[in-house]
Structure formats: structure tokens, C-alpha cells
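Please read it with the coordinates open.

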Amino acid sequence: MTGSFAFSYGPRLVSGAGSADRIADLLPEGPVLFVTDAMIVKLGLAGGALAALAASGRDVTIFSEVEADPSRATLEAVVARGRECGAVSVVGFGGGSPMDIAKLAAYLLGSGDDLDAIWGVGNARAKGLPLVLVPTTAGTGSEATPVSIITLPGDEKRGVSSAALVAGHAVLDPALTLGLPRPVTAATGMDAMVHAIEAYTSAHLKNPMSDLLAREALRLLAANLLPACEEPGNMAAREAMLLGAHLAGVAFSNAPVAGVHALAYPLGGRFHVPHGLSNVLMLPHVLGFNMSAAMPLYAELGPLVDPALEGLGQQAQAQGLLEALRDMAEKAGMPAQLAAVGVSADDLDQLAADAMLQERLLKNNPRPITLDDARKLYEAAL
């Protein structure tokens, strides 16, 4: 018996090398607001897509000032730019930050809603502008999800989660990720693995469909993360990573993420640690904390990450998952301690207090995390 559940498949998917150069086919006629960041423009990654949009006769307005952990001010500037140009559709092109901003901007432009009325889950109920999302990293899964995270004054991260934010199309073009720097490949890939693991063990809304996608996502990501790091031009590995990240995104859109993310967000907000790296730093500690509640599920995932765990006992498989993830992060060249990103013992109380604000995520953790637990987890990661 699976019990009752609901499942949403997310955006329509277009995949394959060169697919980003055909996004004009996915948009209505009329002005386009193209949301990206300065590095994407500098690297020329958006050149093919922008040329195709121009060739289609559409007026394209580019907003390329999206920063990491994007702010409310940036979102408001994007919405203002969209109104000025009379945009009838939006493209989000880049990592999680441009895509998150594009999702929320498309919704606000189409609906006319006030941002402060839609924070939280299910409060955005109107219709946004047509939206196409094109990820340039294999990690956040933002192109698949109904969630947008914004950093408010005071470094608080707040989210909007609603089906109304889901893009009409997601375009997975592995050519855009070729040559991505090793640290970015590693951090975003591990981020996607955390999405899969937390979806599979979510205490809230876990279901057979999200399980199916989370398992396949983890298998693809675990098998291809190190090859993608070590061979930046490996198209097959890049393609597998993009698909794995997308499947993990669909999985956690339905079975939401939990304690690792709740403790990672304050590291991004306070110390501007990239989101994927902040997840990696907290992952082994939160998994260890959850072991008493989630061991059977961790055991099921263990052989997907390390096939050598197949056939071992439950405890060995679950512990093996934790060790395999720690080993993979080390081989990918990622730091293992919070001290490496500027955190000191003096910061632990504030980080723990910030983590407790992430109630939307904490309620999904297999084991309750108290303020004292959070502080101890940060201390263990120091």
C-alpha cells in the first residue's frame, strides 16, 4: 500500500546539446525579459540563445545584474525593467539565482500581486507570464521547482513556494556546462545530491513518484560527479549531471528538503557561502544526527552512491552512504570545515538562531532539530 499522495511533474522538458539555441520556439511573440548574471554574459554562454531570440524578431531586454543570494532590491529592479519593456514572457538563464529571480519576476509581472502577500507555501495563486528556464549548472534544480528564495535585509532568506511559479519549459543544454570550473561543478553537483537524499527521506509528502526520481537522480549524480570534475569537457557526464539535477528538483518539489538545507541557508545569508558548498559542509553532520530515525532509508540509498555497499547489512549501508558522500566531497576538492569559509565559534549561537527560522524546512526532517541540536551540529562542522 502506498497511501494517498499528489504529485506534480513540473515544467515541460527539452534536453540535448544546442537546445538553448532554440528557445525562441517555446515563447509567445512579443518582448522578452532575459534574466541572467554578469558572469554568464562575460563568458558568452547566452550568445546562442540571445542570437536566436533576436533572429526571431523579438525585442529582448537583458537584466544581467543578478547576484548570488539575490536580494529583494534586485527582484524589484527586474520587475520594474520588465514593466518598462512591456515583457510578455521571461527567460531565466544561469544558475539558481537568475532562475529564482526570473520565476518570481514572471509571476509578479503577470499577476500584479504584491510580494509581501505571497511569501510561504501556496499563497501565489494567480497566473504569471510565460517562463522558460535554462540552467547553466547541474545543481540547484531551480528550473524544475515551484520555489524562489530571496535574501531580505538582515540576511534573512525567505521563500515563495507555489505551483504558479513553475516554468512552462525547462531547457537542459549540457553544452552550456562544459568547462564549468571544478569548484562550481562539485558544489552544484553535491547540492543536487542533497536534494535527492532529502526528498527521499522527507518526513512530509514523501511518495512513490518522488522516491523513484530521487533514486535515479542520486544514481546519475553519484556516477558522474567526479568524471565531470576531472574531465570538464565530458559531454556525457555533463548531460547525466544536468538530468540528475533536474530529476532531483522535481523530486524535492513534491517531497520537500529538510535539515541540511535549514542549516545551510544561514551560512549563505551570513557568510555568503555558495549554496551548494553550504549544503556539503552540513551534510555529513545532519545525516549522522538523523541516523537513528532514517537508517533504513539511508541504507537503501547507500548502494546508489557506492555500489560496493550492495549486499551489506542495513547499518553498514547507511553508514557507508555517509562515508561515500564525505569521500566524494573530498575527492572533488571541497572544504570539510566551516572554519574554511570564515565561521568561528563566536558565530554559532547566531547561526543556530537563524536556522530555527527555517520552519518550512525543519518540519520535513526525519528527526526534530532543536536550537541546541542546531548549535551542536554547527559546532561539529566547525
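1. Basis. This is a predicted model, in which local features need pLDDT of at least 70 and side-chain atom pairs count only at pLDDT 80 or more, while totals for chains, interfaces and linings use all residues. Residues are numbered from 1 along each chain as its sequence is written, and side-chain values use heavy atoms, with hydrogens and water left out.

2. Six strands form an open sheet in the order 1-9-6-4-2-3, with parallel pairing. Strand 1 (12–15) and strand 3 are at the edges with a single partner strand each, so one side of each has no neighbour in the sheet. On average, neighbouring strands are turned by 20° against each other, direction ignored. Strands here are DSSP E runs of at least two residues, helices are H or I runs of at least four, and both are numbered from the N terminus; two strands pair if DSSP finds at least two bridges between them.

3. Strand 9. Strand 9 (169–172) runs parallel to strand 1, with four bridges, and parallel to strand 6, with two bridges. Val14 is opposite Val171, and Leu133 has Ala170 as its bridge partner. His169 and Val171 point one way from the strand, Ala170 and Leu172 the other way, and all are buried, that is, under 20% relative accessible area with a 1.4 Å probe and protein chains only.

4. Strands 2 and 3. Strand 2 (residues 32–35) pairs with strand 3 in the parallel sense over four bridges.

5. Helices. Helix 7 (residues 235–254) lies across strands 1, 6 and 9, at about 155° to strand 9; axes are lines fitted to C-alpha atoms, for helices over the stretch in contact, and angles run from 0 to 180 degrees between N-to-C directions. In helix 5 (residues 182–200), 16 of the 19 residues are buried, so this helix is largely enclosed by the rest of the structure.

6. Asp69. Where does Asp69 lie? Asp69 is in the loop between strand 3 (60–63) and helix 3 (72–85). Asp69 is buried, with a relative accessible area of 17%. Its side chain makes a polar contact of 2.5 Å with that of Lys157 (N or O atoms within 3.5 Å; within protein, one able to donate a hydrogen and the other to accept it, residues adjacent in sequence counting only if both atoms are side-chain atoms). Leaving aside neighbours within four places in sequence, Asp69 is in contact (heavy atoms within 4.5 Å) with Ser97, Thr151, Lys157, Gly268 and His272.

How values were computed:
Buried < 20%, exposed > 50% of the residue type's maximum accessible area, 1.4 Å probe, protein only.
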